[in-house]
Amino acid sequence: MKKFLVVVLLVFACGHVHSQTRVPGYLGKRHSLSIQYLSGIGLAGGPENLSYRKGLYGWGGGTRELYFTHSVAGAYNYVLSKRYSIGFGVRQGWLGMRSLVFPSPFDRLKTTAAGIHLDMFPFLRRGTIAPLGPYTRFKFYWTYSRSFQVEPVAGSDIPETAGLTGKLMMPFVFMEFGNNFVISDLLTLSPGLSLGGGIPAFVPLDDTNTIQVENMWLRLQSGWGVNLFLEMAILL
Amino acid sequence: MGRFILLFWSFLLPLVSWSQDFDHYQPLRSSGDIPVNLLKSASEKFAIESEEIGEGKSRKEQKVSDKFLLESNFSLDAFMLSGKVLLNDPVGEYLNVIKNYLLRDLPEVRDSIKVYAVRSPQVNAFCTNNGIVLVHLGLLAKVKNEAQIAAVLCHEFQHYIRQHPLNRFVESERLKGESGMRFGNYEAYVLARNRFSREQELEADTKGLELYLESAYSPWEQYDVFDVMRYSYLPYDNIPWSCNSFAHGALQFPGDYSLDTLQEINAEEEYDDDLLSHPNIATRRGAIKDQLEAEGIDEKTEEGTTFIFGEDQFNRIRKICRFEMARLYLEDKSYERAIYQTYLLLRENPESGYLKKITCQSLYGLAKFKNARKFYSIHTDYEDVEGESQQLYYFMERLEKEELNLLAMDYAWYLKQEQPEDKEIANIVNDLMVEFHRKHEEYLPEIADGEVEPDSSEAFLLNVFAELKEEEGFVDAWEKAEEVWKVELASMENEEEYWERRKRLLKKRRRGEALGLDKVVFVTPIYKKYDQRRKGGAEYLASESRSTEYNGMIREMAGRVGLEAEVLELHKLEPSGIDQFNDIVLLQAWIGDNLWNEEDMNMVSIYQEEVQYLKEKYGTEFFVLNGVLSMIKQRSFQKTATALLLIGYVIPSPLGVYMLIKPEYGAYYFNLVMNLDTGTSEMEEFRIIRQKDRDFVLKSQLYYSVLQMKNTP
């Protein structure tokens with residue numbers, strides 16, 4: 001993690017020295033602090049991701065679960081040129097999941113993530129200058145996730161502690177599409193769409209927690225797969 | 001009473017008597033106070049006129065007349081402030097004196113009409129619905145007497161009195177609405193519209209003659225003035241021209257550079273006018289003749305006069321117009337016309353530096369275009385030319401590239417000796433010398449040897465060079481040009497340097513420019529909005545109000561980077577700001593000239609010397625052309641998708657409906673920083689912004705532009 005931070009700081013410092021006043025930013029403002037709220041709702045499907053809960057609750061056959069997720073992220077951004085900006089940030093998220101078919105505990109995953117991002121602005125294609133206008137963001141976030149059950153199943157003998165209780169640490173990659181609008185030359189507001197996915201090679205599977213981890217990973221895949229977001233940043 | 005009126009008007013004459021030394025001619029410029037009405041915004045004028053004209057009209061009629069007033073006010077506003085229209089100049093004043101006399105019994109009409117002279121070589125005059133009569137210098141340069149000017153004015157006054165422009169528009173809109181016209185019968189629409197227009201012209205002729213006959217002018221001049229229109233495509237005189245007019249010393253052209261027979265003048269009067277807005281000349285003349293005869297005025301009558309305000313005054317004004325025409329032809333890149341015009345005028349004023357300079361600039365233009373193999377883009381085929389000037393067109397076509405280069409250089413060289421203080425002529429000489437090295441390298445060894453074989457094909461060229469070499473300073477100038485060329489050549493041939501240049505260019509493109517400027521002047525920034533979903537498209541009112549905001553943004557953004565920026569705005573001028581008005585007009589012309597300068601030709605602008613005073617006046621040599629053309633249009637798929645939706649072929653989704661409604665926004669942003677010293681652009685930005693022109697989008701673009709201007713290299 002330390003190495004990672006050193007790299008980020010070095011990139012930032014080099015960029016800063018290189019660009020100085022030549023980079024317009026927005027009216028000369030190249031730094032910004034942003035806060036982002038992401039939310040998604042959808043169906044996580046397929047029998048595969050239910051292997052754990054199937055075994056636990058005795059469900060049979062394929063079924064679907066409704067997921068809903070929301071998370072809050074904060075980031076620091078720096079405009080490198082007319083086309084690029086970089087930054088780093090943290091993200092705290094919650095993912096809830098409930099079966100639409102069977103009675104089951106309402107499980108939640110709590111996730112904390114931190115990482116770096118790169119924003120690409122289509123200056124050549126659309127004429128807009130970073131940090132304005134539409135952008136594509138690539139995020140690499142190292143994610144720590146912990147699962148816990150938050151409520152018992154009413155009228156069921158399923159024990160309160162029978163839900164997922166695993167932990168997971170692995171990188172996630174996000175691709176976000178947003179459009180930055182400026183308010184009063186001070187704030188930017190950006191609605192957008194976030195697509196995310198874990199890198200399978202990093203799923204820390206071993207004999208003891210395979211089921212738990214596999215399940216959490218698949219849930220995260222579903223929950224962080226497609227989200228809408230609204231981001232606000234203060235230009236510095 | 002008649003005598004009293006004449007006496008009264010003759011008192012006004014001193015006001016319109018201007019001295020002009022034609023040997024040291026000074027081109028016409030606007031002077032005095034700028035009319036307050038011109039400085040009012042077009043939207044303000046539109047609102048006033050809409051209220052006046054709309055009274056008592058139905059809603060539909062009001063809508064049509066508003067459309068007309070909107071379009072006409074904004075177009076006229078742009079034209080009036082373009083510099084084409086001269087303000088308080090001798091020609092305009094003279095025209096207004098004639099106007100006042102013609103409308104002496106119609107004081108209300110007289111007060112509501114204002115006549116202006118227009119800097120245009122076209123033989124034309126027109127009138128607007130709000131009483132502005134615009135007479136082109138091209139017409140005034142060709143009329144025979146004052147009475148003919150009066151005849152033209154009477155015709156134009158009738159257009160105003162009868163509100164012809166508005167009526168024509170209303171009729172045109174009505175025709176568009178007719179079912180037959182609506183579904184593609186465009187030809188029928190054009191024919192009907194032009195028929196209506198021709199009827200209006202004949203009415204203006206008839207009623208104009210009635211007004212004209214109330215004056216003391218000779219009646220049949222109303223008939224003769226049609227000759228001006230008939231021969232409008234010809235120079236004002238038809239005097240033999242020979243290439244010998246350029247000949248001197250060794251510069252002698254062979255006999256086959258002249259045509260043996262010339263095409264006769266064949267100005268048709270009776271042509272098909274179905275597709276024209278004006279009846280043919282024969283029809284108009286015929287109607288005037290019938291009317292005069294009906295009035296019992298015999299063709300041989302000696303009734304009336306051709307001059308009320310004096311023949312000298314008329315001749316002076318006409319001569320001014322003719323001098324202006326030479327310059328206007330040059331501005332239009334009609335170089336051969338300009339040379340012939342100066343040729344005609346030099347007979348009377350052989351020492352005119354103004355005319356000689358125009359000849360020099362025209363030869364320079366012709367040589368540059370011929371060297372660049374673009375001669376035919378500015379040249380009229382000699383076979384299409386009638387009269388004596390055909391000889392000149394043939395000569396220019398016949399000359400080889402190197403010969404024309406040499407002729408231009410020779411002319412410019414001797415003119416430079418006559419006008420040593422004129423830097424523009426010096427620049428032309430230098431450029432033509434470098435151009436000769438650049439384009440006619442094969443002759444250089446022989447020119448250097450200086451040995452001439454009498455019968456060789458190069459003898460003509462070499463003889464001229466041999467003579468020029470005898471001139472003091474020529475050899476030095478020639479050697480300097482050779483040095484410039486050698487540096488150019490080395491830079492082109494050196495591959496390393498080429499890649500280095502390319503690398504620098506790419507770096508510049510990536511990182512942006514850094515001009516290190518402290519002050520710039522923005523010359524009338526442009527802001528136009530178009531909605532392509534609507535007919536016509538121009539959003540006049542929105543453009544005007546946004547334009548004011550945009551100028552404010554320029555100042556704000558420049559202030560943010562610490563760049564001193566002066567924004568020249570026409571509508572912000574005070575009535576006493578005529579000097580700044582002239583500055584703007586000149587700068588616009590200079591920028592335009594440089595902008596249209598063919599990239600690979602790099603010509604010296606015809607305004608280069610004229611603009612130099614602005615450097616001191618504004619404290620900078622950097623002038624900026626900046627603007628935004630904002631557009632809204634329907635997305636390409638919207639029509640098809642709507643049709644499919646309506647016939648139930650596709651099921652609407654919220655996003656789909658939103659995409660159907662949402663138009664496509666875009667803007668074209670441009671920013672050019674021109675250097676007054678070099679006449680070249682220091683920085684060029686042209687960007688298509690695929691986003692709505694919100695404030696922050698514009699500010700972002702402007703900020704980047706001013707930042708590049710301010711940044712130190």
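Is B:E566 buried, partly exposed or exposed? With a relative accessible area of 25%, B:E566 is partly exposed. This value, like the others in this report, comes from a predicted model.

## The pair B:E566 and B:K519

B:E566 forms a salt bridge with B:K519 through their side chains, at 3.2 Å from N to O. The two residues belong to distant parts of the chain, 47 residues apart: B:E566 sits in strand β6 (residues 564-568) of chain B, and B:K519 in strand β4 (residues 519-523) of chain B. B:K519 has a relative accessibility of 15% and therefore counts as buried, because the limit for that class is under 20%.

## Other salt bridges

Over all chains, the structure holds 47 salt bridges. In one of them the side chains of B:R198 and B:D273 meet at 4.0 Å, N to O. B:R198 is part of helix α11 (residues 186-213) of chain B, while B:D273 is in the loop between α13 (226-230) and α14 (281-294) of chain B, so this pair ties together parts that are 75 residues apart in sequence. Both ends are buried: B:R198 has 12% relative accessibility, and B:D273 has a relative accessible area of 11%.

A salt bridge of 3.7 Å (N to O) joins the side chains of B:D237 and B:R347. Here too distant parts of the chain are linked, 110 residues apart, with B:D237 in the loop between α13 and α14 of chain B and B:R347 in the loop between α16 (335-346) and α17 (353-371) of chain B. B:D237 is partly exposed at 29% relative accessibility, and B:R347 is partly exposed at 45%. In chain A, a network of salt bridges links A:D119, A:R137, A:K139, A:E176 and A:E231.

## Interface of chains A and B

The contact between the chains involves 23 residues from chain A and 26 residues from chain B. About 2000 Å² is buried between chain A and chain B, and carbon and sulfur atoms give 52% of that area. The size of an interface is often expressed in this way, as the accessible area lost when the parts come together.

Between chain A and chain B there is 1 salt bridge. B:K699 and A:D185 meet through their side chains in a salt bridge of 2.8 Å, N to O. On the side of chain A that touches chain B, the elements giving two or more residues are α3 (123-126), β5 (133-149) and β6 (167-183) of chain A. The largest share, 4 residues, comes from β6(A). By class, this side of chain A has 10 nonpolar, 8 polar and 5 charged residues.

## Nonpolar cores

The largest nonpolar core has 160 residues, and those with the most contacts inside it are B:V91, B:Y217, B:F246, B:F253, B:F395 and B:M396. Helix α15 (residues 311-331) of chain B gives the largest share of this core, 10 residues. Leaving aside residues up to four places away in sequence, B:F246 touches B:W241, B:L251, B:F253, B:I339, B:T359, B:L363, B:F395, B:M396, B:L407 and B:Y411. A second, separate core has 34 residues, including A:V182, B:V520, B:L698 and B:V706.

## B:N96, a buried polar side chain

B:N96 is in helix α5 (residues 90-102) of chain B and, with 7% relative accessibility, counts as buried. A polar atom of the B:N96 side chain lies 2.7 Å from the backbone oxygen of B:V115. Not counting residues up to four places away in sequence, B:N96 touches B:K114 and B:V115.

Notes
Residues are numbered from 1 along each chain as its sequence is written. Chains are lettered from A and ligands numbered from 1 in the order in which they are written. This is a predicted model: local features need pLDDT of at least 70, side-chain atom pairs count only at pLDDT 80 or more; totals for chains, interfaces and linings use all residues. Side-chain values use heavy atoms; hydrogens and water are left out. Contact means heavy atoms within 4.5 Å. Buried area is the accessible area (1.4 Å probe) that two parts lose on being put together, summed over both. Ala, Val, Leu, Ile, Met, Phe, Trp, Tyr, Cys and Pro count as nonpolar, Asp, Glu, Lys and Arg as charged, and the others, Gly among them, as polar. A nonpolar core is a set of buried Ala, Val, Leu, Ile, Met, Phe, Trp, Tyr and Cys residues joined through side-chain atoms within 4.5 Å. Buried means under 20% relative accessible area, exposed over 50%, partly exposed in between (1.4 Å probe, protein chains only). A polar contact is a pair of N or O atoms within 3.5 Å; within protein, one must be able to donate a hydrogen and the other to accept it, and residues adjacent in sequence count only if both atoms are side-chain atoms.
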